[in-house]
Amino acid sequence: MSAAVDAFSIVAIVAGLVFFLAGTVGLLRFPDAYTRLHALTKADNLGVALVVIGLLPQMDGVLAALKLVLVWLLVMLSSAAVSQLIARSVRRQERGE
Amino acid sequence: MTTVVSGVVALLLLWLALWTVIARDAFLAVAGFVVYGLLLSLVWVRLAGIDVALTEAAIGGGLTGALLLGAVGRVRGTEAAAWSERSGAGTRALALLLSLGVTMVLVLCVLVLPEDAPTLAPQVVANLPATQVGNPITGVLLAFRALDTLLEAIVLVIALIGVWSLAPDRVWGGRPGPRYVADPDGILAYLARVLPPIGIVVGIYLFWAGADHPGGKFQAATILAAMWMLVQMAGLTDAPRIDNRWLRGGVVVGPLVFVAVGLLGAWTAGAFLGYPLGWAKAMIVAVEVALMPTLVLVLALLLNGAPARSAEFMPSRSPDSASARSAGS
């Protein structure tokens, strides 16, 4: 049973890391700020989500697991808000305002 | 494997430090500094210094980064002119020699350290039960080295007075900076409505957990101050007038209570800042509770900066006058 749980964790975390890798490659290779933001949010949302899902069965206690979920929700909230703000600021600069 | 990771992180830290120093653009240098702070807090986690890691992330990366970003915004206009002035070869050679000298002395200091570094950790652990707190960091900060923490709190208040005294006479007692303007239906205003309730709970939790687990008043105060700043930056509330009596009372209450507890110790326990037997935890909690408003207010007001609008002046709400500091729309 524990081997199966560990295997689940490893698969989920590795899948999450793939999103981080893809997000980093996108950040470095994509041509403009909007597409770079698009790449980054994949790492923030899906990457962190999969790592958190992978770590959940490894936590001792429901409270620690809930804290981890809270961290994920906070990361999602802040990354969504910050990428909106960055995109707006870029658009304003492009318009020359 | 972990050695490889540590080595890579150490190299990254050195590279970031170098990059921060040689970056030509002040904004890029500050961005590098913030990333450096976050990476440094990872290093502290690796060294099992969770308290230091939290403080580094909150104050080193977050708060100092925000202060430096504010400074970058202020010097932006004169940055190009400053770069065009090149100092003479002699000055630069002297600066290089001085930096190398300081580095050499530091390297020598580290090299001559005895193999078993001198430590007071065993004594702290042996005497920690007397303080009735479970987190040795809190024990050191508020019992064994309480004097350092008291002076730290006083230094913060003095720093705030220093910032305030940069204000011209005509705006003394007024509000700092232009009022932030943001789209009331925008994402920043949304974040400033959703995040503070969570942030306040997390801040109070960190504060309370600090007695027995990593955490404490400094990290908690930074989070609470950040929540207040977020609400200000979203334009939902204005920066406070610095002549508000409640505000000033909140700024000084921490050091005042700390000194009072210290004097009480001189009377009941025979030493300034000594705690009478069995009362240590109660005294420590009292000091920490009193320090909270001081830290939150001072950290947020340092970010707010010197007063720039007189108390009578009604701030213009047109986006033009404040676009330099509007953060959202």
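A residue is buried if 20 or more other C-beta atoms lie within 10 Å of its own, exposed if 12 or fewer, and partly exposed in between, with C-beta atoms placed from the backbone. This is a predicted model, where local features need pLDDT of at least 70, side-chain atom pairs count only at pLDDT 80 or more, and totals for chains, interfaces and linings use all residues. Residues are numbered from 1 along each chain as its sequence is written, and chains are lettered from A in the order in which they are written.

**Exercise 1.** Find which residues of α7(B) are buried and which exposed residues lie on the face turned away from them.

*Solution.* 
- Step 1: Pick out the buried residues: B:Ala146, B:Thr149, B:Leu150, B:Ala153, B:Leu156 and B:Leu160.
- Step 2: Look down the axis of α7(B): the buried residues fall within an arc of 120 degrees, so they line one face of the helix. The arc is that of the directions from the helix axis to the C-beta atoms.
- Step 3: Turn to the face away from the buried side, where the exposed residues include B:Leu147, B:Asp148 and B:Val155.

**Exercise 2.** Describe how domain 1 and domain 2 of chain B meet.

*Solution.* 
- Step 1: Take the bounds, 1-73 for domain 1 and 129-329 for domain 2, which come from an automatic or database domain assignment.
- Step 2: Count the contact residues (C-beta atoms, placed from the backbone, within 7 Å): 11 from domain 1 of chain B and 13 from domain 2 of chain B.
- Step 3: Compare the centres over C-alpha atoms: 23 Å separate them.

Note on methods. Two residues are in contact if their C-beta atoms, placed from the backbone, lie within 7 Å. Helices (H or I, at least four residues) and strands (E, at least two) are DSSP runs, numbered from the N terminus.
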